[in-house]
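Hi,

Here is the structure I said I would send over. Have a look at it first, and then read my notes below.

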Amino acid sequence: MNQQDVVCGMMVDAASATHRSHFDTKEYVFCSANCQRKFEADPAQYVHPELVEATGAMAATNRLGQSGTAVALPPVQTPAATALATLDIEGMTCASCASFVEKSLSRTPGVHKALVNYATERATVEYLPGQASPETLKEAVIKAGYGVAAPAAPDTSAADRQAELDEQKAVAYQKLKRRLWVAVALAAVVMVLSMVMLWPALAARINMQGLNYVLLALALPVLLYSGREFYTSAWNAFKHRAANMDTLIAVGTGAAFLYSVAATVAPHFFMQHGLMPEVYYDTTATIIALILVGKVLEQRAKTQTSAAIKSLMSLQAKTARVVHGEQEIDLPIEQVRPGDVVVVRPGEKVATDGVVVLGHSAVDEAMLTGESLPVEKKEGDTVFGATLNKTGSFRFRVTKVGAETMLSQIVKLVEDAQGSRAPIQRLADKVSAIFVPTVVCIAILTFLLWFDLAPEATRFPLALVNFVAVLIIACPCALGLATPTAIMVSTGKGAENGVLIRNAEALEKAHQVTTILLDKTGTITRGEPAVTDFTVAAGHEAGQVLQAVAAVERQSEHPLAEAVVRYAEAQQAPRVSVEGFRAVEGRGATATVGGEQVVIGNQRLLAEAGIELPTELSAKATELLGQAKTVLYVAIGSQGVALIGVADTVRETSAAAIRRLQAMGLEVVMMTGDNPQTAEKIAQQVGIKRYFAEVLPQDKASKVQELQAEGRVVAMVGDGINDAPALAQADIGLAMGGGTDVAMEAAGITLMRSDLQGVVTAIDLSKQTIQTIRQNLFFAFIYNVLGIPIAAGVLYPLLGISLSPMLAAGAMALSSVSVLTNSLRLRSFTGATSQG
């Protein structure tokens, strides 16, 4: 008995299927391990009927029959559809914080999945509405010791919500800078006064105990004002049986400060036990100042990582010129509704998505596609909000507003990708979860060893200094920022270059690809017929023949007729009237033009009319047929006068893009339903060595499996409904922007331009992103692996080198900033779509 794979839609023999999974008491079978993995990652996406209804036509991706057409499946009974909530988290200071919040949310009853992104300070939670709610999720975050920003009003646009959050962050950033300046000013004074001890002659003239009280008075505001959040955060974490980076800072600086206070208040106690009453106010104040410097630089850099998405949001037009009766009224974009007619003048932004109803113009769609050349728009063409009108004026009828517009969908996709988690991040997450407790244990062990092994006169100061240095130098932030910051920058840059990345997993997988499988139609070729040859017999004027042919074909709805009409319009053939039009099914069409009978169609139509071709045209027809082109025969009166060669032409950029992919070490394979001769000619034309010919729609996924069985990591590039199973089967699917919604829904990456240069951009962006992430992770790990032992004093017995806690604080501050700066280098990425 056959059962449908709910991921890709292929029919699978349920009895012999090796890939199976259970969900909600039901067993599902799959055509491949890849489909099984996708299902098990998020079963609700494929089996909840409410979710299917919500996604509308796009859900047909997962419901494709063998014929490539959408088919109805019996509804699968499930308890309830999951809902998605996004929470803006407040108070996170490191990757460990994100881990605690995520665990708290995941343990909440009814939560299916929770992801917390430290770089974006945002949690994405999938939950069952009957068992959980936004209120219970908020309670879980608060229970973990953190806060949740107030949710946006229901009618707030993404741009306005981002503006609200940016304003809140700007206020917090200004407070952070004020804390920094106070700490820097006071720490500088404390540092200068502490240097008195370096000059014995000067120190002999000063009451050292009195000086210590002065230092205490100066250092206290640094702790209570500038460093207050470190201590409150550490206390909150302690109350919830957790520890974060602030725990390390609070314990380290707190220990040094309390020791100094004791030495200031009761110096005789230390002297009685053979210890000098040394104070570390300069260490405490300077550490807090240096850490705040790092926080300020980190916050500034984190803001820059989301610059691309903010740039996209800022493109939205604020107003629209709407036609009301005989008047044109400027309305806020929020008041525009579907069905309204909007006027766009030269140099203005298109207010929202719609269809042109009057006029024509050239529109710059670079914000969508990365293509700098304007696109001609005429009646019936679709226009998109935030694109820029160049030359003419036109009117369009609004079809989509608000969250439904193309711009909003792009922003949503980029936000989702930035909030997703790449597999390469798993190791860093595991380390971050145990990082702080491990460091505390190492610090305590360091103190005990130094106290036991060091000379009696210096053992306590050395033990304390190294204890503080270990706590201060350890930095889980660099680990937490290594992956998400690179993902944030790269997904934004991808959107700028017309490459929309669904999630971080797709971005990571793309760099592992070894084989690119291209469906010929719509990817290598344009996917629509175009006139390639127009040959007229001797004694006939080409212009007159073309205008007669175009006049007949304008009455037809056949795709070949449309190609002829487009060619005639490009040649500016005059329009003439037609009489007696008649379509001959499967053969062509006839009509009377200028008093003469015009026949256009296949050879059989001319033969039935008793019309013969001149020898020169017969020879040309044989040549065109040998090139796998469709030939249209034209007769006027009783004479054969012309031939028209029609073919699905190769895109101008395809050959160059394929060469670039091959130069990257990738094998490019073509798949087509054409016969082997046609497939060979197309392959030779674009430089492809391996191809699959005569592939039926239902067999496309099996060709992907065939390549995967050879040990290849396959990226499938397609654009049609019948490509969806193959896109789902592939290790990574890339859908061309000119294709169907179904294909785009099945793909991990969508190319906004129907141009293979977008594939080059996607692969190149993936490779550069993963390289950056690896550099970040290496630095974050090596920093802690080397820094903590040095801070513990392992070099002191050998080289006499001991790391000052102040240097440790500086190193810790720079570690996060260096990771962020490395990620920001991706902002200079330039895609192939921009290079042309």
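What follows is a walk through what turned up, feature by feature.

One thing to keep in mind throughout: this is a predicted model.

**The cores**

I'd start inside. The largest nonpolar core has 142 residues, and the ones with the most contacts inside it are L105, I516 and I749. Helix α31 supplies the largest share of this core, 13 residues. Another core lies apart from it and has 22 residues, A551, V552, V598 and L632 among them.

If you want to look around L105, leave aside its neighbours within four places in sequence; L105 then touches L87, V111, A114, V116, A123, V125, L137, A140 and V141.

**A nonpolar patch on the surface**

F778 is exposed, at a relative accessible area of 55%. It belongs to a nonpolar surface patch together with F779, I782, V785, L786, I790 and V794. Together these residues have about 600 Å² of accessible area.

F30 is buried, with a relative accessible area of 1%.

Strand β9 (residues 319-324) is antiparallel to strand β10 (residues 327-332), and six bridges join them. The two form a hairpin with two residues between them. In the turn, G325 has a positive phi of about 65 degrees. β9 is also joined to strand β11 (residues 341-344), by two bridges and again antiparallel.

V322 is a handy residue for seeing both pairings: its bridge partner in β10 is I329, and its partner in β11 is V342.

**A three-stranded sheet**

There is also an open sheet of three strands, in the order β14-β13-β16, with antiparallel pairing. β14 (375-377) and β16 (388-389) are the edge strands, each pairing on one side only. Between β13 (residues 361-364) and β16 there are two bridges, and V363 stands opposite N389 in β16.

A386 has a phi near 80 degrees and is found in the loop between β15 (382-383) and β16. Q572 has a phi near 60 degrees and is in the loop between α23 (559-570) and β21 (579-584). Are these two buried or exposed? A386 counts as buried, at 6% relative accessibility, whereas Q572 is exposed, with a relative accessible area of 70%.

**Salt bridges**

The count comes to 21 salt bridges.

- E328 and R395: the closest N and O atoms are 3.4 Å apart. E328 is in strand β10 and R395 in strand β17 (residues 394-400), so the pair ties together parts that are 67 residues apart in sequence. Both are partly exposed, E328 with a relative accessible area of 36% and R395 with 29%.
- R587 and E608: their side chains meet at 2.9 Å, N to O. R587 is in the loop between β21 and β22 (588-593) and E608 in helix α24 (residues 603-608), so this pair links parts that are 21 residues apart in sequence. R587 is partly exposed at 23%, and E608 is partly exposed at 48%.
- E496 and K493: here too the N to O distance is 2.9 Å. They are three residues apart in helix α19 (residues 484-496), so about one helical turn separates them. E496 is partly exposed, with a relative accessible area of 32%, while K493 counts as buried at 12%.
- The network: salt bridges link E667, R690, E710 and R712.

That's what I have for now.

Cheers

Note on methods. Residues numbered from 1 in each chain as written. Heavy atoms only, no water. Patch = residues over 30% accessible without salt bridge, like charges linked within 9 Å, V, L, I, M, F, W, Y side chains within 5 Å. Areas by Shrake-Rupley, 256 points an atom, 1.4 Å probe, with all protein chains shown as cover. Salt bridge = Lys/Arg side-chain N within 4 Å of Asp/Glu carboxyl O. Buried < 20%, exposed > 50% of the residue type's maximum accessible area, 1.4 Å probe, protein only. Pairing = 2+ DSSP bridges. Helix = DSSP H or I, 4+ residues; strand = E, 2+ residues; numbered from the N terminus. Core = buried A, V, L, I, M, F, W, Y, C linked by side-chain atoms within 4.5 Å. Contact = heavy atoms within 4.5 Å.
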